[in-house]
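Please walk through this structure one part at a time, beginning with the backbone and then turning to the ligand.

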Amino acid sequence: MSELKALLFDVDGTLADTERDGHRVAFNLAFDDAGLDWHWSVDDYAWLLQVTGGKERMRFFIEQKQPPLPANVDLESMIPELHRSKTDHYTHLLGEGRIPLRVGAERLINEARESGMRLAIATTTTPANVTALLENTLGAESIDWFEVIAAGDVVPAKKPAPDIYQWAMQQMQLQPGECIAFEDSENGVISVRDSGIKAILVTTNHYTEDHDFNGATTVIDQFGDPGNPLRNIEGVKIDSGFVDMAAVRQIHAAVN
Ligand code: XBP
Ligand code: MG
């Protein structure tokens, strides 16, 4: 049995519901600014989310849908330019306080800190987006609560590749058995699983509730709070109605 030492959090969909009203909106604003007649609807975006990474997602869209493109366009410069603009829009949306953390996330992070757990972020999104979310929800000092912020292009292969979790563990000199990961999507679970981490807690959301979470230890609909209980969906059950450190330890111990 390994000792639990660290909590590794995905960001998009897990700590906050950023995709529908954040990333998607920012992509559309960037398309408008660039004079592109493209629009990603709430439904289209469910399909687009199969590809992680904003640059990778735009390339996938262009290849699959062949939308109208400006004459003589060079995709190798257009995609990064569009992505810079999208990141600007996204961080502005966060700055307006439009996207709160999900139910129970702040409570769990605070309890983990109080109990001496090490914390890290393992995400596909751009580092500036993580900083903006943390600053605008938990406060500027919260960035330092996370020992490692593993994000974006720090590894060449994004989720579902295991690289981002392996990179975070390497930086922290942790073994997979010493960690628990928090995810919301099928790609996220595959990434964690293939990194060797066995303890995986999934909170579903609008876009991921029908995903295949094979390999997850526990699947619930939200972290929950006292008075706002979670719903157990699959795997190890949480009886208290919300995820606290006792539940986190129970989930870790069930598979380590
Ligand atoms: C998050 C993503 C990201 C964001 C966009 O996946 O797929 O691509 O949608 O971020 P996960 P960027 O939650 O599995 O890490 O545009 O900054 O790439
Ligand atoms: Mg996610």
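**Backbone and ligand site**

Proline 160 is found in the loop that runs between strand S3 (148-150) and helix H7 (163-172); helices (H or I, at least four residues) and strands (E, at least two) are DSSP runs, numbered from the N terminus. The peptide bond leading from lysine 159 into proline 160 is cis, with omega near 15 degrees. The model is predicted, so local features need pLDDT of at least 70 and side-chain atom pairs pLDDT 80 or more, while totals for chains, interfaces and linings use all residues. Residues are numbered from 1 along each chain as its sequence is written, chains are lettered from A and ligands numbered from 1 in the order in which they are written, and side-chain values use heavy atoms, with hydrogens and water left out.

The phi angle of glutamine 66 is near 45 degrees, a positive value in a residue other than glycine.

Now to the ligand. Ligand 1 is surrounded by 18 residues, the closest being Gly54, Arg57, His83, Lys86 and Thr126; a residue is near a molecule if one of its heavy atoms lies within 4 Å of it. By class, this shell has 2 nonpolar, 10 polar and 6 charged residues. Here Ala, Val, Leu, Ile, Met, Phe, Trp, Tyr, Cys and Pro count as nonpolar, Asp, Glu, Lys and Arg as charged, and the others, Gly among them, as polar.

Which backbone atom lies 2.6 Å from an oxygen atom of ligand 1? It is an N or O atom of glycine 54. From the side chain of glutamate 19, an N or O atom is 2.8 Å from a ligand 1 oxygen, and a polar side-chain atom of threonine 123 lies 3.4 Å from an oxygen atom of ligand 1. The elements that give two or more residues to the shell around ligand 1 are helix H1 (19-33), helix H3 (54-65) and helix H4 (75-95). H1 gives the largest share, 3 residues.

Note on methods
Polar contact = N/O pair within 3.5 Å; in protein donor to acceptor, adjacent residues only side chain to side chain.
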